[in-house]
Amino acid sequence: MPRNQAPASVWRNPIHFLAFGLGSGAAPWAPGTFGTLAAIPLYFLLAQCSPLFYVLITLLAFVLGCWLCGKTSRDLGVHDHGGIVWDEFVGYWITMAFLPVHWTWALAGFILFRFFDIIKPWPIRWLDQHVSGGFGIMIDDVLAGLYAWIILFFVYYVVF
């Protein structure tokens, strides 16, 4: 596994700091996993809000993320640098929408989201390879979050 090389600008530039998931994407290995882990405490705060506010904040985070990730990617001269993990935040928050706020569901969401984000089943891999810019960085994680959410939603609302 290659070592993540986070630029020094992560700690000096607020846009890069946010795109790097409040610095979590600067982890030397598995920055996407560390980014998702950093999204969990924020999820627990966000989950205390009304469902409408949760959706609005997640949507706003997506729109902001398209700009943050695109700008940071252009600044670094690398499309979708491994340390850019704002997309993991949004993908994880999508995974957890309308589910019980409990550590077991948070853990299941973490595992499923990371699974789909790493495996990238169709059309996630295609989008990851063919859509550029900030939207391209964000959209594959949005779909990974939706795939994970569908499974968790089914388990909670149909099985239980």
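Is tyrosine 43 buried or exposed? Select this residue to begin the tour: tyrosine 43 has 0% relative accessibility and therefore counts as buried, a term for under 20% relative accessible area, with exposed meaning over 50% and partly exposed in between (1.4 Å probe, protein chains only). The model is predicted, with local features needing pLDDT of at least 70 and side-chain atom pairs counting only at pLDDT 80 or more, while totals for chains, interfaces and linings use all residues. Residues are numbered from 1 along each chain as its sequence is written, and side-chain values use heavy atoms, leaving out hydrogens and water.

The whole structure holds 14 aromatic pairs, where rings of Phe, Tyr and Trp (its six-membered ring) pair if their centres lie within 6.5 Å, and planes under 30 degrees apart count as stacked, over 60 as edge-to-face and the rest as tilted. Because tyrosine 43 lies in helix H2 (residues 31–46) and tyrosine 54 in helix H3 (residues 51–76), the pair ties together parts 11 residues apart in sequence; helices here are DSSP runs (H or I, at least four residues), numbered from the N terminus. Tyrosine 54 is buried too, at 6%.

Next, select phenylalanine 153 and tyrosine 157, whose ring centres are 4.4 Å apart with planes at 40 degrees, so this pair is tilted. Both residues lie in helix H7 (residues 133–159), four residues apart, about one turn of the helix. Phenylalanine 153 is partly exposed at 31% relative accessibility, as is tyrosine 157 at 44%.

How values were computed:
Helix = DSSP H or I, 4+ residues; strand = E, 2+ residues; numbered from the N terminus.
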